[in-house]
Amino acid sequence: MRGELEYKIPRKGLTVWRLYGLIYTFFLSVIAGTIIFLTYQFDWSAAIYFISASVVLIAAIALIWLFPKIRWDHWRYEVREQEIEIQSGLFVVKRTLIPMVRVQHVDTMQGPILKKYDLANIAISTAATTHVIPMLITEEADHLRERISELARVAEDDV
């Protein structure tokens, strides 16, 4: 296997992934709170209190601290003249190689949270699927989108 890929997700991406984890934990807390309320109302087993609180606590640690850090450490990408290589995965690290001749179009996507942190995702579409490079600084994402588009046109002309 080739060495480590050159580009990494910016540090702001870690912050946004942690914010997403906080939002998921909030919704999980609402569900756990509802379960605890129902347990109190219907006089169910007290073990349900502890199980609900434990699930929220474990999820908070995993979603806010552990998973974003691991994801940020492993996400890498590199754009070459003939191909795009993406490395992703939390526990199983996956490396994807996308030939430039297969690229159909490239999009940038930016939701409200990404916009607040001046980040964007790049979606690279092929005939089979769409590959995403997440959490890039908006200016870099626009530049990379243009570069991939140019390289894909050159690769298409060569075929």
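**View 1. Helix H2 and its kink at Ala62.** A kink of about 40 degrees, centred on Ala62, is present in H2, the bend at a residue being the angle between axes fitted to the seven residues ending there and the seven starting there. This is a predicted model, in which local features need pLDDT of at least 70, side-chain atom pairs count only at pLDDT 80 or more, and totals for chains, interfaces and linings use all residues. Residues are numbered from 1 along each chain as its sequence is written, and side-chain values use heavy atoms, with hydrogens and water left out.

View 2. Among the buried residues of H2 are Ser52, Val56, Ala62 and Trp72 (buried: under 20% relative accessible area; exposed: over 50%; partly exposed: in between; 1.4 Å probe, protein chains only). Strand S1 (7–8) and helix H1 (11–41) are included in what covers the buried residues of H2. Leu66, also placed in helix H2, is partly exposed, with a relative accessible area of 31%.

**View 3. Surroundings of Ile148.** Leaving aside residues up to four places away in sequence, Ile148 touches Val79, Ile84, Met100, Val103, Val106 and Ile124, contact meaning heavy atoms within 4.5 Å.

Terms used:
Helices (H or I, at least four residues) and strands (E, at least two) are DSSP runs, numbered from the N terminus.
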